[in-house]
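Good morning. I will go through a few residues from one model, and please keep the structure open while I talk.

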Amino acid sequence: MTDTTNATERSCCDWLRQRRSGTVPATWRFCLAVAAVLALSPAIALAADSSHRTSDLEGKGWADPGNPNVLGPIPLLGMVVIAVTDGVPADADHTLFLDSDVAGYAVIGGGSFQGIVKDNSVHIEDPSAAAAHVFGGAATYLSASTAPISVVGNSVAVTAAGYAIEDKTLKEGSIVGGGALAVGGPASVKGNMVVFHPGSAAADIEIYAVSGGIIRSSDPVNLAGSGEASENSVTFESGSGARIYWLQGAYADGSVPDLPLADDSSVLQRNKVEVLGDDDSAPLHVTHDVIAAFLHKGKAPASGNGPLIRDNEVILERGLIDGYAVGGYGNIVSGATVRGNSVEISGNTRIGGGVFGGGVDFFIDPSGMKGNTVAENSVRMTGGTVGEDVVGGRVTGGAASSNRVELSGGRVAGFVAGGHAVPAPESGDAISNSVTVTGAASVAGGVFGGLASGGKADGNRVLIEGLETPIGGAVYGGYVAAPADASALSADRNSVTVRDSGLNSDVYGGFIAAGAGTANRNTVTLSGAITLGSAAPSLFGGGGAGAGDRVAGNALVMDKVTYGSGNASFSQVGGFESYTFAVTPEQAAKAVASSPSPVALLEAGTIRLGTGAASAKLRVEVTGAARLAVGQELVVLKASDSLTGDIGSVAVVSQDLFKVYSFRADRDAAGKAVVIEVAKVDVREDANAVSEVPLADVSFVNVGGDAIAARAIPAAAAGLSEAGGVSPFAAVGYGRHRAETGSHVDVTGVTGDIGVAFGTGVSAGRVLAGAFLEFGEGSFDSYSDFAGLATVHGEGDLSYIGGGAFARLDIGEAGSSHPYLEGSVRYGKTDADFRTRNFQAAQGREVSYDMDARYWGFHFGGGYLMTFGGSDGSLDLSAKYYHLRRDGDDFDIDGDNASLGPVTSSRIKAGARQSIGITPSLKAYFGAYFEHEFDGDSRLSYAGTDLPKVSLAGSTGVGELGLTVKPGSGPLELQLGVQGSIGRREGVSAELSLRLAF
């Protein structure tokens with residue numbers, strides 16, 4: 001942890017140390033000069049949109065006699081100022097073109113004393129232009145007035161191919177979009193900008209500092225600040241060889257160095273720095289830091305809010321940065337909130353220092369820093385290089401929470417941390433931070449989800465996925481570096497996931513460097529293709545020096561792990577209470593102890609199963625059909641040196657849909673491996689849901705059998721004259737019904753018959769005979785209930801096609817009451833498919849099967865047809881027997897044989913139907929029947945185990961009523977009815993049938 005300790009002693013603002021001296025800093029001298037100029041300027045009202053050029057001022061005196069609105073050269077504090085100003089509380093819409101060499105002069109587009117400066121601009125457009133300082137707009141007041149000053153929407157645009165300052169060694173040149181010099185009162189610097197877009201390479205551009213907006217306090221006695229610096233920006237559209245010492249979107253300073261912290265409720269938000277560029281040969285060179293928003297030295301007042309630095313952004317696509325890149329930053333602050341700031345790095349950006357999404361840091365002495373919050377800051381890196389560390393959020397004297405780092409490219413020479421709490425008088429926490437490292441990214445140091453200085457490192461996450469270059473240092477979900485209070489230390493609920501990557505270093509879920517504390521409920525997950533280095537890494541759920549629980553609730557998850565060529569063994573594994581192995585069936589087969597060279601699911605030099613009272617919990621999840629047999633043993637853990645600790649509970653879960661395994665675990669004879677033995681294999685009860693499919697099929701084909709007697713034979717008879725003859729016929733019906741099977745099946749569909757019939761008179765009466773083709777097309781929903789398991793809802797499609805013959809003998813004279821006999825035979829093929837997502841072991845995936853079978857059947861029976869009222873009504877008393885056999889079917893379920901036996905339906909149906917004529921073309925009918933199924937059993941055999949039968953057997957009462965319509969004298973007859981059933985079949989169904997008799 002040498003890298004970590006050194007890092008906590010570094011500061012991204014060490015430039016402040018270098019600039020400390022006994023004299024007033026150069027930029028302060030500039031601010032005082034601006035204040036003096038604005039105070040001494042005569043009150044001159046300028047017209048809106050006024051425009052001026054510095055070349056027009058050459059050789060002028062105190063003021064341009066021809067243009068009293070423009071000040072000329074003014075010697076003041078060793079500086080010369082050229083300013084467009086009116087000196088009254090409002091100044092706006094001025095444009096000044098810097099088109100000449102005015103080296104040593106400060107240029108201000110618009111200024112005001114104690115007022116508003118708005119929408120002024122300075123354009124640097126001449127290659128020979130030079131000046132000491134440039135402000136788009138500036139405002140000040142020199143007394144502790146509470147009147148606000150506002151600097152809004154001012155800008156500086158650099159389009160010259162060259163721009164220089166007079167003395168490059170002192171680096172006193174500055175460009176500022178908008179600045180305010182305040183004493184105790186409120187100040188606002190908002191929406192100011194600096195844009196660089198030189199037309200070609202300009203190696204002469206050398207500037208001390210570039211800032212979108214600045215707020216400074218000028219009184220070292222009255223340091224209170226309440227300023228706002230928002231939406232200021234600096235954009236380099238082209239680097240063009242420019243050299244800048246310091247680059248910032250917004251800067252606020254509430255105090256003088258070496259004086260106590262001042263009360264400060266300043267807000268720095270939505271400021272931005274962009275370095276875009278398109279030329280790697282002459283990039284922008286920043287010799288120190290790039291910061292989107294920077295607040296120096298302030299603290300929260302006794303009441304009210306403290307400093308707020310939020311939603312500031314640095315975007316670096318090109319450039320050479322010698323120092324640090326930081327989104328939002330507070331230096332020597334207390335009670336501050338730094339939230340939602342970000343840094344994005346891409347292209348060929350080179351950063352010599354480190355990168356923080358947001359941070360609170362210090363130089364010299366952190367003793368006054370406490371109560372700071374650094375949260376939800378981020379760093380995103382897709383390319384470039386960083387010479388030191390990358391941290392999402394770094395805090396001194398407070399908590400770093402919910403910060404994140406995402407690396408998908410580029411190289412980091414130091415460590416990476418989602419959140420980092422550095423040492424301070426009070427311990428720092430790192431909570432719920434995250435790091436993601438993927439693809440082409442490279443990290444030379446370690447990776448920390450959360451790194452705490454002595455407090456809590458809880459709930460942090462690390463994801464390493466598809467990494468081409470392994471992490472150079474150890475990987476920690478949560479790390480506590482330097483304990484301050486032994487009773488409060490924790491590294492709990494962290495997670496590390498390594499997926500499809502190389503792994504050369506140790507992995508810890510939680511780690512405490514010294515002192516007592518807990519490292520519990522952490523999770524380490526390895527997934528996919530893992531390539532181990534020659535120096536085998538170690539895996540720990542919890543670890544570190546000192547006393548405390550480092551095992552409870554820690555979990556190791558090995559998710560279908562495969563190893564690259566070479567090493568497949570870890571050095572040490574320990575600090576885990578539970579071990580979960582998700583393996584493929586092939587991996588499970590290789591781990592069978594009886595195989596020639598069994599491959600353990602996890603191998604290491606030493607393995608420690610829990611500690612003390614904590615026993616290891618083992619779980620193996622086979623992500624497919626395991627096909628394990630009773631007596632087989634799986635080698636789960638294997639140690640080449642030593643295996644210690646106790647084996648607790650063992651669970652093996654397979655995605656076999658219906659197999660349930662029972663296991664026992666123990667060490668092997670040498671005591672260096674843990675093996676689990678298959679003690680028993682059972683079949684899950686919900687497998688019987690598949691048995692519903694043949695019953696749905698038989699129930700549907702039975703509907704077709706009823707239709708032969710109820711629709712086909714009457715349709716054939718209606719097409720023949722009393723003398724007989726030959727006639728084609730057709731009958732089609734649609735209906736829905738429910739079959740109780742212990743559970744139930746709802747069947748809906750269309751059935752039909754097409755055929756030809758002939759009839760002739762005989763001495764006993766009349767004979768009707770015919771041949772037909774039959775078909776059915778429908779669907780079903782099955783609902784299977786099992787004790788202790790969820791209901792299995794299956795669905796599928798049904799169809800059948802076949803043919804047969806029928807005959808009927810009416811005994812007696814036509815048109816009179818008479819008895820009759822009838823019968824039919826049929827043969828065909830059924831096709832059914834079944835699908836469900838409700839098998840408990842299927843875990844939401846769809847499971848489907850196709851089944852087809854032959855069927856044959858017959859029916860016979862008779863009745864007495866009573867007629868009355870001429871042809872207007874009749875009463876049909878009948879009793880019939882129906883027989884149907886559906887053959888069995890064999891198919892596979894996840895590689896295991898399933899066999900459905902044949903289903904035989906044997907039933908009687910007896911009852912009466914009354915038909916009443918209403919008009920010559922309309923009849924009403926109603927009827928009542930009793931039906932009893934004697935058989936109707938479906939049996940499933942799966943993997944050699946016979947499951948309990950599912951049956952249609954039982955009695956049903958049926959009532960019906962409906963209308964029969966025969967329009968005109970044509971062949972069409974339409975029947976619309978409804979049936980209600982109670983008993984084995986129950987529910988209400990509607991039926992629509994169509995008969996054609998030619």
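First a definition: contact means heavy atoms within 4.5 Å. By that rule, and leaving out residues up to four places away in sequence, Lys880 touches Ala709, Tyr820, Glu822, His859, Phe860, Gly861, Gly862, Arg907, Ile908 and Lys909.

Two notes on the source. This is a predicted model, where local features need pLDDT of at least 70, side-chain atom pairs count only at pLDDT 80 or more, and totals for chains, interfaces and linings use all residues. Residues are numbered from 1 along each chain as its sequence is written, and side-chain values use heavy atoms, with hydrogens and water left out.

Back to Lys880. Its place is strand β66, residues 873-886; strands (E, at least two residues) and helices (H or I, at least four) are DSSP runs, numbered from the N terminus. Is Lys880 buried or exposed? Lys880 is buried, because its relative accessible area is 13%; buried means under 20%, exposed over 50%, and partly exposed in between, with a 1.4 Å probe and protein chains only. The side chains of Lys880 and Glu822 are joined by a polar contact of 3.0 Å. A polar contact is a pair of N or O atoms within 3.5 Å; within protein, one must be able to donate a hydrogen and the other to accept it, and residues adjacent in sequence count only if both atoms are side-chain atoms.

Now the backbone. Most residues other than glycine have a negative phi. Asp119 is not a glycine, yet has a positive phi of about 60°. Asp119 sits in the loop between β9 (116-118) and β10 (121-124), and is partly exposed at 35% relative accessible area. Lys560, also not a glycine, has a positive phi of about 50°. Lys560 belongs to strand β51, residues 555-563, and is partly exposed, at 33%.
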